[in-house]
Amino acid sequence: MTAKRRQLEHDGFCVVEGAIDWENIEQLRTVTDRVIDAHDAGHFEDQRSTGSMISVCADASMADLVTGPPVLTAFGDLGFPSPTFFGGYIISKPPGGPPLFWHQDWWGWDDDCSYRDPVLQTFVMIYLVDTDRDNGCLRIVPRSHLRRTGLHDQLDVAHDEAIRRYENPDDPAFQAAAGEIDIPVRAGDLVFGDSRLLHAAHANRSDRRRTVITLWYFPQFERMPEAVRARAVEASGPLSDGWVEAAAPRLEPLLPRYDGQAPPIVWNRVPGSSLR
Ligand SMILES: O=C(O)CCC(=O)C(=O)O
């Protein structure tokens, strides 16, 4: 097992440096700028904290990124030769954009695997500019994917909409967290993280847009419990958005499939008491 794979399993994240070259980053910036600029003011008001929340399925050319060598080779190097794609978003903080709230992205907390398995769903974040504390770099709480922290008890998913709109900057979801670290990166690095990991982002105090493309994969889909796989197929972004037709056949081998009879687990974003 490589050091990065060990870090991903143990700490919940790792960074693969310089995976995407400048030319491709510039192309991605052109595409994402076009997609972002096509949205109206209401979208950005509703998503003030994230900046934007636009499915990668908004543009068929994103399939090149989802299915292309930089991401899939990096998965292979981590020991995951056949990852399964789940969906993704273009998340863009405008100049002056507020911080992103603390959260985790996992939805399968009703299944026991969530409290023990080292690898379930993984995010891959691709920042299109260099990031640091001043322009909104990622923040994480290492090991929070498998260990309860004080922050878990403070997060309030019931008021998700108000938090997205950044209605109360004093909400614990926007404060400093015990044990947090910054993950500043260069444009073209890949940040791999466990979806259960608590993460957030600093405010963008620069005068430049800070865009990240977040993609979610299941590194070992066939090893996940049947009920979790059944839910993943039901919820899969590209299947439900009709993106498959535009992006096939490149996407076809990466899509989640489940032909068994297990009923899908309930979608639950809140960890239970088994997380200690
Ligand atoms: O905006 C960021 O830097 C992080 C985005 C994020 O948290 C996510 O995609 O889940």
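Which residue in E8 is the bridge partner of Met 125? In E8, Met 125 has Val 191 as its bridge partner, and the views below place this pair in its surroundings.

**View 1. The whole protein chain, a predicted model.** Residues are numbered from 1 along each chain, following the sequence as written. Because the model is predicted, local features need pLDDT of at least 70 and side-chain atom pairs count only at pLDDT 80 or more, while totals for chains, interfaces and linings use all residues. The protein chain contains 10 helices and 10 strands, where helices (H or I, at least four residues) and strands (E, at least two) are DSSP runs numbered from the N terminus. The C-alpha trace spans about 50 × 40 × 40 Å along its principal axes. The radius of gyration, taken over C-alpha atoms, is compared with a globule rule of 2.2 Å times the number of residues to the power 0.38; for 276 residues a compact globule would come near 19 Å, and the protein chain agrees with its 18 Å. Of the 276 residues, 41% count as buried, a term that requires 20 or more other C-beta atoms within 10 Å of the residue's own, whereas exposed means 12 or fewer and partly exposed lies in between, with C-beta atoms placed from the backbone.

**View 2. The open sheet of six strands.** The order of this sheet is E1-E8-E5-E10-E3-E2, and its pairing is antiparallel. Strand E1 (13-16) and strand E2 (54-55) are the edge strands, and each pairs on one side only; two strands are said to pair if DSSP finds at least two bridges between them.

**View 3. Strand E8 and the strands that pair with it.** Strand E5 (residues 122-127) runs antiparallel to strand E8 (residues 190-194), and four bridges join them. Within this pairing, Val 124 stands opposite Phe 192, and Met 125 is partnered by Val 191. E1 also pairs with E8 in the antiparallel sense over four bridges, and here Phe 13 stands opposite Gly 193. In a regular strand the side chains alternate between the two faces of the sheet. In E8, Leu 190, Phe 192 and Asp 194 point one way, Val 191 and Gly 193 point the other way, and all are buried. Because five of the five residues of E8 are buried, this strand is largely enclosed by the rest of the structure.

**View 4. The open sheet of four strands.** This sheet has the order E4-E9-E6-E7, again with antiparallel pairing. Strand E4 (100-103) and strand E7 (181-183) stand at its edges with a single partner strand each, so one side of each has no neighbour in the sheet. From one strand to the next, the twist averages 25°, where axes are lines fitted to C-alpha atoms, for helices over the stretch in contact, and angles run from 0 to 180 degrees between N-to-C directions. E6 pairs with strand E9 (residues 199-201) in the antiparallel sense over three bridges, and Ile 140 stands opposite His 199 in E9.

**View 5. Thr 149 in its loop.** Thr 149 lies in the loop between strand E6 (138-140) and helix H6 (150-154). Thr 149 counts as partly exposed because it has 18 C-beta neighbours inside 10 Å. Leaving aside neighbours within four places in sequence, its contacts include Val 141, Ala 178 and Leu 198, a contact being two residues whose C-beta atoms, placed from the backbone, lie within 7 Å.
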